[in-house]
Amino acid sequence: MTSVEVEYCDPCGFIDRATKTQTQIESCGETVDGVELVPGEDGIFEVRVDDVVVFDVDEIEYDLTTIMEGVCGQLSECDCDPNELVGEDTDSTDCSPGCC
């Protein structure tokens, strides 16, 4: 089984982004033990699969499909299609003033 962490900037208000990401990753089924949300600071939004960084907002703009491609690439048995997102992805990439 695989552990996943989503570290998000709490002061930036990225909790909605983090919970959408969590929901999407959990749709991969039993290959994922769970998705832990980890509050952080300084504009961070990073997704780690078994301690391997598969997405870092410092390297690429937030995109749920890109995140899922990284997650699925690390899972040994992934049944989900990264292009089929759960619900709507209407998240803004704007940070709160003075955050990032």
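The following dialogue explains how several features of this predicted model receive their names.

Modeller: This is a predicted model, in which local features need pLDDT of at least 70, side-chain atom pairs count only at pLDDT 80 or more, and totals for chains, interfaces and linings use all residues. Residues are numbered from 1 along each chain as its sequence is written, and side-chain values use heavy atoms, with hydrogens and water left out.

Biologist: Why is cysteine 9 called buried?

Modeller: Buried means under 20% relative accessible area, exposed means over 50%, and partly exposed lies in between, with a 1.4 Å probe and protein chains only. Cysteine 9 has a relative accessible area of 0%, so it is buried. Cysteine 72, at 14%, therefore counts as buried too.

Biologist: How many disulfides are there?

Modeller: A disulfide is a pair of cysteine sulfur atoms within 2.5 Å. By this rule the count is zero.

Biologist: What makes phenylalanine 14 and phenylalanine 45 an aromatic pair, and why is the pair called edge-to-face?

Modeller: Rings of Phe, Tyr and Trp (its six-membered ring) pair if their centres lie within 6.5 Å; planes under 30 degrees apart count as stacked, over 60 as edge-to-face and the rest as tilted. The structure holds three aromatic pairs. In the pair of phenylalanine 14 and phenylalanine 45, the centres are 6.3 Å apart and the planes stand at 75°, which is edge-to-face. Phenylalanine 14 lies in the loop between β1 (2-9) and α1 (15-26), and phenylalanine 45 lies in strand β3 (residues 45-49), so the pair ties together parts that are 31 residues apart in sequence. The helices (H or I, at least four residues) and strands (E, at least two) are DSSP runs, numbered from the N terminus.

Biologist: How do you know that the pair of phenylalanine 45 and tyrosine 62 is edge-to-face or stacked?

Modeller: Their ring centres are 5.3 Å apart and their planes are at 90°, so this pair is edge-to-face. Tyrosine 62 belongs to the loop between β4 (52-56) and α2 (64-74), while phenylalanine 45 is in strand β3, so parts that are 17 residues apart in sequence are tied together. Both phenylalanine 45 and tyrosine 62 are buried. Ring pairs link Phe14, Phe45, Phe55 and Tyr62 into a cluster.

Biologist: What makes the charged end of arginine 17 count as sitting over a ring?

Modeller: The rule asks that NZ of Lys or CZ of Arg be within 6 Å of the ring centre and within 35 degrees of the ring normal. The charged end of arginine 17 sits over the ring of phenylalanine 14, 4.1 Å from its centre. The charged end of arginine 17 also sits over the ring of tyrosine 62, 4.3 Å from its centre.

Biologist: What makes β3 and β4 paired strands?

Modeller: Two strands pair if DSSP finds at least two bridges between them. Four bridges join β3 to β4, and these strands run antiparallel. Arginine 48 stands opposite valine 53 in β4. The two strands form a hairpin with two residues between them, and aspartate 50 in the turn has a positive phi of about 50°.

Biologist: Why is the contact between glutamate 5 and arginine 48 called a salt bridge?

Modeller: Side chains of opposite charge can pair when their charged atoms come close. A salt bridge is a side-chain nitrogen of Lys or Arg within 4 Å of a carboxyl oxygen of Asp or Glu. For glutamate 5 and arginine 48, the closest N and O atoms are 2.9 Å apart, and the contact is a salt bridge. Glutamate 5 lies in strand β1 and arginine 48 in strand β3, so the pair ties together parts that are 43 residues apart in sequence.

Biologist: Which other salt bridges involve arginine 48?

Modeller: Arginine 48 meets glutamate 7 at 3.2 Å, N to O, and glutamate 46 at 2.5 Å, N to O.

Biologist: Which residues touch the most other members of the largest nonpolar core?

Modeller: A nonpolar core is a set of buried Ala, Val, Leu, Ile, Met, Phe, Trp, Tyr and Cys residues joined through side-chain atoms within 4.5 Å. Of the 24 residues in the largest such core, Ile25, Phe45, Val47, Ile67 and Val71 touch the most other members. The largest share of this core, five residues, comes from α2.
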